[in-house]
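The following note sets out numbered points on the structure shown below. Please read each point with the model open.

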Amino acid sequence: MDFGTDFKPVTVQPQEIEGLSFQMITEEMGEHSFSELEYKIVQRIIHASADFELGRSLVFHPRAIEAGISAILQGKPIIADVRMVEAGIAKERIERYGGEVRVHISDPDVMEEAKALGTTRAIIATRKACAQAPGGIYVIGNAPTALLELIRLVKEGAAQPGLVIGMPVGFVSAAESKDELCKLDIPYITNVGRKGGSTIVVAAVNALSLLAVRRAAGELK
């Protein structure tokens with residue numbers, strides 16, 4: 001294939017591109033303290049962002065990976081904070097075990113209640129999800145208020161998430177919400193600082209679902 005430029009790509013084969021990318025990530029990452037399964041998540045996030053600083057800043061609760069794999073294989077729902085997160089998740093791997101991806105941010109009742117209370121839709125959507133989805137995987141990449149509300153509900157005993165993937169991006173309360181998440185003794189995956197976003201949490205979910213498929217096939221202990 002002629003790209004009409006002086007630069008010629010090493011390969012245009014998708015699997016080769018991914019394999020070479022992971023090889024480069026491993027070489028550049030060097031030594032780290034992540035477990036073998038945690039590193040699968042880190043690797044996917046760096047692959048999605050090309051950001052090693054972000055990858056190195058990831059924080060895993062000791063039970064996070066097993067909790068995520070178990071929730072997927074048990075068909076627990078995945079609750080995303082925004083549609084952009086929902087769009088990126090590989091739903092086939094979730095649905096094959098009976099799960100689904102839910103987003104409540106644009107539900108009419110959520111929008112109406114948020115307006116009436118003068119608060120964010122993310123907060124009301126989180127309350128709705130927690131009432132309907134115990135044991136689910138809560139995936140927050142955009143709204144620190146959603147993560148802070150989830151933390152409040154966990155502390156009050158009103159929420160029982162199977163796993164929280166909380167990496168909202170931004171300047172107002174983003175880093176602080178992650179700090180608060182790390183104080184809880186529940187399974188979570190998060191990172192230190194302001195970085196995060198839809199692409200990042202999607203990468204984490206998709207990496208977990210790949211591990212779940214391997215577990216179901218007997219390829220992963």
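This is a predicted model: local features need pLDDT of at least 70, side-chain atom pairs count only at pLDDT 80 or more; totals for chains, interfaces and linings use all residues.

1. The largest cavity is lined by 13 residues, and those nearest its centre are Ile79, Ala80, Asp81, Thr126 and Ala146. The elements that give two or more residues to this lining are β2 (78-80), α8 and β4. Of these, α8 supplies the largest share, 4 residues. Helices and strands here are DSSP runs numbered from the N terminus (helices H or I, at least four residues; strands E, at least two). The space in the largest cavity is about 100 Å³, and a search of the whole structure finds 1 cavity of 30 Å³ or more.

2. Residues are numbered from 1 along each chain as its sequence is written, and side-chain values use heavy atoms, with hydrogens and water left out. On a 1 Å grid over the protein atoms alone, a cavity is a set of points where a 1.4 Å probe fits but cannot get out, whereas a pocket is an open set with protein on both sides within 12 Å along at least five of seven lines; lining residues have an atom within 4 Å of a point. Grid points are joined across faces, edges and corners, and a volume is the space filled by probe spheres set on the points.

3. What is the make-up of the lining of the largest cavity? The lining divides into 10 nonpolar, 2 polar and 1 charged residues. In this division Ala, Val, Leu, Ile, Met, Phe, Trp, Tyr, Cys and Pro count as nonpolar, Asp, Glu, Lys and Arg as charged, and the others, Gly among them, as polar.

4. Thr126, one of the residues nearest the centre of the largest cavity, is found in helix α8. Thr126 has a relative accessible area of 8% and is therefore buried (buried means under 20% relative accessible area, exposed over 50%, partly exposed in between, with a 1.4 Å probe and protein chains only). A polar atom of the Thr126 side chain lies 2.7 Å from the backbone oxygen of Ala122. Leaving aside neighbours within four places in sequence, Thr126 is in contact (heavy atoms within 4.5 Å) with Ala146, Glu149, Leu150 and Leu153.

5. Helix α9 covers residues 144-155; its 12 residues reach 17 Å from first C-alpha to last, close to the 16 Å expected at 1.5 Å a residue (the expected span is 1.5 Å times one less than the number of residues). Its buried residues are Pro144, Ala146, Leu147, Glu149, Leu150, Ile151, Leu153 and Val154. Their cover includes α8 (121-132), β4 (137-140), β5 (163-166) and α10 (174-181). Gly157, which follows α9, has a positive phi near 80 degrees.

6. Which residues line the largest pocket? They are Phe22, Lys40, Gln43, Arg44, Ala207, Leu210, Leu211 and Arg214. The lining comprises 4 nonpolar, 1 polar and 3 charged residues. About 150 Å³ of space lies in this pocket.

7. Backbone angles deserve a check at two positions. Most residues other than glycine have a negative phi. Ala50, however, has a positive phi near 55 degrees; Ala50 is found in the loop between α2 and α3 (52-56) and is exposed, with a relative accessible area of 66%. Ser173 likewise has a positive phi, near 75 degrees. Ser173 is placed in the loop between β5 and α10 and, at 28% relative accessibility, counts as partly exposed.

8. Is Glu28 buried or exposed? At 53% relative accessibility, Glu28 counts as exposed. Glu28 is found in helix α1 (residues 14-29). Beyond its neighbours within four places in sequence, Glu28 is in contact with Phe52 and Arg56. Glu28 and Phe52 are 24 residues apart in sequence and 8.5 Å apart in space, C-alpha to C-alpha.

9. Met84 has its place in helix α5 (residues 83-88). Met84 is exposed, with a relative accessible area of 58%. From Met84 to Val42 the separation is 42 residues in sequence and 21 Å in space, C-alpha to C-alpha.

Terms used. A polar contact is a pair of N or O atoms within 3.5 Å; within protein, one must be able to donate a hydrogen and the other to accept it, and residues adjacent in sequence count only if both atoms are side-chain atoms.
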